[in-house]
Amino acid sequence: NQGIAQLFAKNMQSLNQGQTSWNGYEHNALFQNLDHQSYKNIGYLMGVGCEFDARAVIGNDLDGDGRPDLIISEYELVPARGYIMKLHVYRNLLPTKNNWVGIRLPESGGHAGLFGTTAELHTGDRKQVRQYTCGDSFLSQHDNVFHFGIGNAKEVDKVVIRWPNGTERTLAKPAINTYHAVTPAD
């Protein structure tokens, strides 16, 4: 999504036998993509540069408005209870005129496995690629959605979805600013 930061990064914390969080209270960082040339840390400006012991971060469009939101978990030691996890939800309410396209993959059932599924979005001479992954954030899992920011483009030529078993689906001229449910061809 080009309207807000592209990447949320957090130093990975280590635990010393469950007693000490090494580097657990460093500032979280939110990096904004500056025209594919560099990144700028805007975490403090956006209110997510917190100093609590952050563990996991997920980017997900919770309200379906096309603007990815952030969910961050906090690891906290509570006397007599041990460690607990708290969730912090940061809704993306930034106004934008940018367009987007979303692809929702099947959640379960008799469909091909999702791990390794890729989606390619083609707009003019530009191509964006996403791959479904899991396990890249501590104790959390990303939604089964591909989100493509397309800026001020008014249409998309096509989206090609490829599953690891070789199944492929192509959406020609998908509607913008909406999510499309896509399943493998049976």
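This is a predicted model: local features need pLDDT of at least 70, side-chain atom pairs count only at pLDDT 80 or more; totals for chains, interfaces and linings use all residues.
User: Which strands does the salt bridge of E76 and K86 tie together, and how many residues apart are the parts?
Analyst: The two side chains meet at 2.8 Å, N to O. E76 lies in strand β7 (residues 69-78) and K86 in strand β8, so the pair ties together parts of the chain whose separation in sequence is ten residues.

User: Where does K173 lie, and what is its N to O distance in the salt bridge with D157?
Analyst: D157 sits in the loop between β12 and β13. K173 sits in the loop between β14 and β15, 16 residues apart from D157. Their side chains meet in a salt bridge, N to O, at 3.6 Å.

User: Why is one side of β12 and of β15 left without a neighbour in the sheet?
Analyst: Three strands form an open sheet with mixed pairing, in the order β12-β9-β15. β12 (145-151) and β15 (179-181) stand at the edges, so each has a single partner strand.

User: Which residue of β12 stands opposite W100?
Analyst: β9 and β12 run antiparallel, joined by six bridges. In β12, the residue opposite W100 is G149.

User: Is K97 buried or exposed?
Analyst: K97 lies in the loop between β8 (82-90) and β9 (99-104). The cut-off for exposed is over 50%. K97 has a relative accessible area of 79%, so K97 is exposed.

Note on methods:
Residues are numbered from 1 along each chain as its sequence is written. Side-chain values use heavy atoms; hydrogens and water are left out. Helices (H or I, at least four residues) and strands (E, at least two) are DSSP runs, numbered from the N terminus. Buried means under 20% relative accessible area, exposed over 50%, partly exposed in between (1.4 Å probe, protein chains only). Two strands pair if DSSP finds at least two bridges between them. A salt bridge is a side-chain nitrogen of Lys or Arg within 4 Å of a carboxyl oxygen of Asp or Glu.
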